[in-house]
Amino acid sequence: MKCMIVIPARLASSRLSQKLLLQAGGKSVLQHTYEAALKSSVAEEVIVAVDDPRLAAEVDSFGGQARLTSVDCQSGTDRIAEVALMHEDISIFINVQGDEPEIDPKTIDTVANLLMQHPEADIATAACAIKDRERVEDPNCVKAVLGDDHRAITFSRAAVPHPRDGLTDALLNAEPPNYWQHIGLYAYRREFLLWFATQPPGRLEQIEKLEQLRAIEAGKTIVVAPVEASAPGIDTLEDFRAFTARIESQ
């Protein structure tokens, strides 16, 4: 199966203005992400799906491939679906967020390979075990609930599974883990993307503000690859400063 990495890139950001163009170590955040994605061994090519000519110019400046997509796209997945329409020869599209410059290429490969190994699945994603109470209870840490054979049962901002008798150390430290943090890296089959782009937001999706619930609610199958850790994304100025410090210390 042919795979393509698509990095959806939106210029506007509510918490950190134009963060993808910020420079760290002589490169933009977007260039760092692109170069990390290029190290994947499964993808035929890497494309940046942009919503603004300034992002396209940035991609051109470092020799990458950019596709200008509609400003009306509601999400990165919709932006990737536009790219999928142009590439009938690609079976699997991998969504790497533009604001994750430290994404591990091995994680990209693991997620893509998991989807290839599960022909019944529509999407593959990743999660890492949660062992501390603060993250379990943090609504900004999205939890994945896993069933047998890597299958996702649901995703939630709440502490799920909910510990009726209280969150104990035994629950936190259980093996296999009870709590998983979802990592926003996806591999999609092309036909799923084309379906997704035609669907209105789901009821559960609108409540939790998690678009993967649109697929769950519609009966689609998501498989989840357990990984060791998640790369820190850049959402705030503090995140960017921490990333810059790590880059400059290398």
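**Close-up views of a predicted model**

Tyr186 and Tyr188 are both buried in this structure, which is a predicted model.

**View 1. Tyr186 and Tyr188 form a stacked aromatic pair.** The ring centres of Tyr186 and Tyr188 lie 5.6 Å apart, with 15° between the planes. Six aromatic pairs are found in a search of the whole structure.

**View 2. Tyr188 also stacks with Phe192.** The centres of these two rings are 6.0 Å apart and the planes meet at 10°, so the pair counts as stacked. Tyr188 has a relative accessibility of 2% and therefore counts as buried. Phe192 is buried as well, at a relative accessible area of 3%.

**View 3. Five residues make up one aromatic cluster.** Its members are Tyr186, Tyr188, Phe192, Trp195 and Phe196. At Trp195, Lys220 lies over the face of the ring, 4.5 Å from the ring centre.

**View 4. Helix H4 runs from residue 105 to residue 117.** The 13 residues of H4 span 18 Å from the first C-alpha to the last, close to the 18 Å expected at 1.5 Å a residue. At the start of the helix, a side-chain oxygen of Asp104 comes to within 2.9 Å of the backbone nitrogen of Lys106.

**View 5. Buried residues of H4 pack against strands and a helix.** The buried residues are Pro105, Thr107, Ile108, Asp109, Val111, Ala112, Leu114 and Leu115. Residues three or four places apart in an α-helix point the same way, because there are 3.6 residues a turn. The packing partners of the buried H4 residues are helix H1 (29-38) and strands E1 (3-9), E6 (92-95), E7 (123-129), E10 (180-189) and E11 (222-226).

How values were computed. Residues numbered from 1 in each chain as written. Predicted model: local features only at pLDDT ≥ 70, side-chain atom pairs only at ≥ 80, totals over all residues. Heavy atoms only, no water. Helix = DSSP H or I, 4+ residues; strand = E, 2+ residues; numbered from the N terminus. Expected span 1.5 Å × (residues − 1). Buried < 20%, exposed > 50% of the residue type's maximum accessible area, 1.4 Å probe, protein only. Contact = heavy atoms within 4.5 Å. Polar contact = N/O pair within 3.5 Å; in protein donor to acceptor, adjacent residues only side chain to side chain. Phe/Tyr/Trp six-rings, centres within 6.5 Å; stacked < 30°, edge-to-face > 60°. Lys NZ or Arg CZ within 6 Å of the ring centre and 35° of its normal.
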